[in-house]
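Please read this briefing alongside the sequence and the coordinates. It takes up strand pairing and then helix packing.

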Amino acid sequence: MSLHSKLFKGDARLEACLLHDSAHVPPGTVGNHVSKIQTALAVLNDADIPNTESVNMQYGVATANAVLAYKQEPNIINFSYQTRADNIVGKMTIFSLDREMLLKEVNARASCNCGPSEYSPSVSHAILAFSTWPTLSTGPVAPVPPVSPPLPPPPPPQLFAVLGSLRGARDLVQATLNVLESVVGGSMQPAADVALVTQALQTHYLCTAAELAATARSVRDKLNAVMGVLKKGSGIFVPGVPGDPDGGSAYAYSRSVRDGKIYVNPEFMNLAKFGRTLVLVHEAFHFLSEDNQDMCRNPDNDAGKSYRLVTKNLRERNAYSLSQFVLHIHEKSEKTIDLETDTVANLAP
Ligand SMILES: [Zn+2]
């Protein structure tokens, strides 16, 4: 694994940070790599780093606060030993910053052929090349903390994959909620949204016209609860346990007696981009309650045959009803999806 963004790629100090806990970048650090972190925080999170720190390439109080704010996003917590965000740039943080910078850079290129314009590291480097930063320092630099005690082994790759998909999963839920709002919410109701929500609720929850509003509110509440799970951040995700009777061949699973964790198997790596977000939404629903189960097979496995047989009274507890509803809103009609290729297909009526 290595860094991929133009901003970070090839920076030995940051490449080491990605790979080794001992190479994390703590407050008090000074250097070119700190300047790059500050740039990323400014570009991605509108961090306001004062000149006293940016010109001096100094990881001072403002930088530390900006790192903390970024990590509270909340998806940058080291799964294995941390439960709260801190102000240190470690493996997970640099991974996330790099991934988001890469997306920014790619998007900038897609819309414009003159290269990323939202930041200009070469300019800041040119200035810094002529500065003598140790003597420019205007404030006390916090002492570098002593070397940390040995840390647990790094999380397996599927947990990094979860980290990279959490924001997309939250965006997917939010987009669904926005459309649902056309039925349960205020007076501004785009007719197309109302028609889509009506059709999706009738398809996946088998509700009558009279039950439409109540069903919409119920599904909205479920999605809000799912959002709450996805906002808990990476701390609830742990590696699947080999041989776990609850695990099987799933991409991810909850224990049949819920224990506040979502177990993620290595197979999660096989999922495509959208497939990962949909699986996270589905698993977050399982996480909420032992009542929330798979009442049928994955509709992609049998073209929805068993899914169609799930009775109305079980629909609201069926994890596939929720994820199929989300997919329906996303695709604007009932579909199945091959989670490993993101290939969407029609369902026979
Ligand atoms: Zn399931």
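Strand β4 (residues 335–338) and strand β5 (residues 343–346) run antiparallel and are joined by four bridges; helices (H or I, at least four residues) and strands (E, at least two) are DSSP runs, numbered from the N terminus, and two strands pair if DSSP finds at least two bridges between them. This is a predicted model, in which local features need pLDDT of at least 70 and side-chain atom pairs count only at pLDDT 80 or more, while totals for chains, interfaces and linings use all residues. Residues are numbered from 1 along each chain as its sequence is written.

**Hairpin of β4 and β5**
- T336 has A345 in β5 as its bridge partner.
- Four residues lie between the strands of this hairpin, where D342 takes a positive phi near 60 degrees.

**Open sheet**
- Three strands, in the order β1-β3-β2, form an open sheet whose pairing is mixed, and its edge strands, β1 (237–239) and β2 (252–253), each pair on one side only.
- Three bridges link β1 to strand β3 (residues 262–264) in the parallel sense, and V238 has Y263 in β3 as its bridge partner.

**Packing of α10 and α11**
- The axes of helix α10 (residues 212–230) and helix α11 (residues 273–288) come within 9 Å and cross at roughly 100 degrees (axes are lines fitted to C-alpha atoms, for helices over the stretch in contact, and angles run from 0 to 180 degrees between N-to-C directions).
- α10 is therefore roughly perpendicular to α11, a term that covers angles of 65 to 115 degrees.

Definitions and conventions
Angles under 35 degrees count as roughly parallel, over 145 as roughly antiparallel, 65 to 115 as roughly perpendicular and the rest as oblique.
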